[in-house]
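Thanks for having me today. I would like to walk through one structure slowly, so please keep the picture in view while I talk.

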Amino acid sequence: MIIIGQGTEQDPNALRLYTALNRYVPNERPDAERAPESLREARKIVRKFSPTAICRSLTSKYNCMGLVFATRRTIVPIDHISMFLEDDGYSQVTRDRVIEGDIVIYARGGLAQHVGLVHQLQDVSPQYDRSIVQIWVLSQWGDDGEYFHKIDEVPPLYGTPSQFWSERTPE
Amino acid sequence: MTLNEATRAIESKNFAALMGLANSPTMFGDMARHDQFVMWLMSALETPDAQQKILQRILFLVREQDDVRFRSSSDAAIAVYLWCLGETNLALARLAATYVIGTPRLWWARKVALQLLGGATGGKSIAKRATITSVVATDSPIKAELSTDASDTLAIPSPSRGPGDVLAPSAVTITVDRDRATSKVGRSSLTTKNKGTRTQQ
């Protein structure tokens, strides 16, 4: 069966996913998970880009957007990230103001390619004689599983950490 | 490098894992474009002989049944073959796409197939209110017409999959405008010249 309008509100397999302002967010759900042996191979590939990455979950049921904005239930194209940023009360923050729970957007050529959750701010100053904070991110790497990883350790095609956003309400 | 070496690499678990890093169809295409084996395959596909071999390889992989609980382990390979074929021989790529499109447990391959057949995924489809007007088997005496209440669901009968029996390059045509869609399904042998399809509006 071919679904015309796959991922739209009419797609029976898509999740009924809306922003806080009730805008429908296109999404798709695969009909099958990748096999465990295939995902274990994926973990090896991930380690090539991030030797220190820690696997949280080996699954292909959701993508990076699905992890951050849809509680790991579906695959949301990265193109729709502005819908969440606009409708869900996000504000951009500078890197030095980031805290755990904020989100980081990776971009290449000015286009968003990947998104993750800021998981931990690790003080690594003693190693460098100056104040340095290592940011650890939790993100889903395409179909290849969910990982804790250093913010700069991602495949080149994901681009570089370009923007930080937060939905925090000031104290 | 030989065609066998390239296909072996593209069908490997390592390649599938690498392509699995892709976050979007665009990124999948970018990754494929920069892979050495894919680049080699692309240049090899300038010959009709290699094109036929890759077409046959796609049809073999589509029929292959590995663990049916999971996504096909050949998903990335089929997607890349389709994509390469689409760059070098669109008619053959569409022929293969008609097979891939109805095959379950494919993800990237299905997306590439849908693009080759003029569709789109990820909520980007131009079809908002598609309605089936007819499904016609062009090379078969069977003529089926159907309509559905599910306005955006287009059901296409599974093509016959006997030996050497595959859909013609333009066997499935999806024409979508704001109000309706028409699909035609035809059967012919692989060697049959493309007879084209008529699209009802």
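Let me start in chain B of this predicted model, where the axes of helix α1, residues 3–10, and helix α4, residues 36–44, come within 9 Å and cross at roughly 140°. That angle makes α1(B) oblique to α4(B), and the crossing in which α1(B) passes α4(B) is left-handed. If you want to find the contact on the screen, look on the α1(B) side for B:Leu3, B:Ala6, B:Ala9 and B:Ile10, and on the α4(B) side for B:Phe37, B:Val38, B:Trp40, B:Leu41 and B:Ala44. Sorted by class, the residues of this contact are 9 nonpolar, with no polar and no charged ones.

Now stay with α4(B), and turn to its crossing with α6(B), where the two axes come within 9 Å and cross at roughly 40°. With that angle, α4(B) is again oblique, this time to α6(B), while the handedness of this crossing is right-handed. From α4(B) the contact takes B:Val38, B:Leu41 and B:Met42, and from α6(B) it takes B:Val80, B:Cys84 and B:Glu87. Here the classes come to 5 nonpolar, no polar and 1 charged. Please note that B:Val38 and B:Leu41 belong to the contact with α1(B), and that B:Val38 and B:Leu41 also belong to the contact with α6(B).

The buried residues are B:Trp108, B:Ala109, B:Arg110, B:Lys111, B:Val112, B:Ala113, B:Leu114 and B:Leu116.

Finally, chain A, which has 4 helices and 8 strands, arranged along the sequence as β-α-β-α-α-β-β-β-α-β-β-β. Of the residues in chain A, 42% count as buried. If we take the contacts in chain A with a separation of 6 or more, 58% of them join residues 24 or more positions apart.

Definitions and conventions. Residues are numbered from 1 along each chain as its sequence is written. Chains are lettered from A and ligands numbered from 1 in the order in which they are written. This is a predicted model: local features need pLDDT of at least 70, side-chain atom pairs count only at pLDDT 80 or more; totals for chains, interfaces and linings use all residues. Helices (H or I, at least four residues) and strands (E, at least two) are DSSP runs, numbered from the N terminus. A residue is buried if 20 or more other C-beta atoms lie within 10 Å of its own, exposed if 12 or fewer, and partly exposed in between; C-beta atoms are placed from the backbone. Two residues are in contact if their C-beta atoms, placed from the backbone, lie within 7 Å. Axes are lines fitted to C-alpha atoms, for helices over the stretch in contact, and angles run from 0 to 180 degrees between N-to-C directions. Angles under 35 degrees count as roughly parallel, over 145 as roughly antiparallel, 65 to 115 as roughly perpendicular and the rest as oblique. A crossing is left-handed if the near helix is turned anticlockwise from the far one by less than a right angle, and right-handed if clockwise. Ala, Val, Leu, Ile, Met, Phe, Trp, Tyr, Cys and Pro count as nonpolar, Asp, Glu, Lys and Arg as charged, and the others, Gly among them, as polar.
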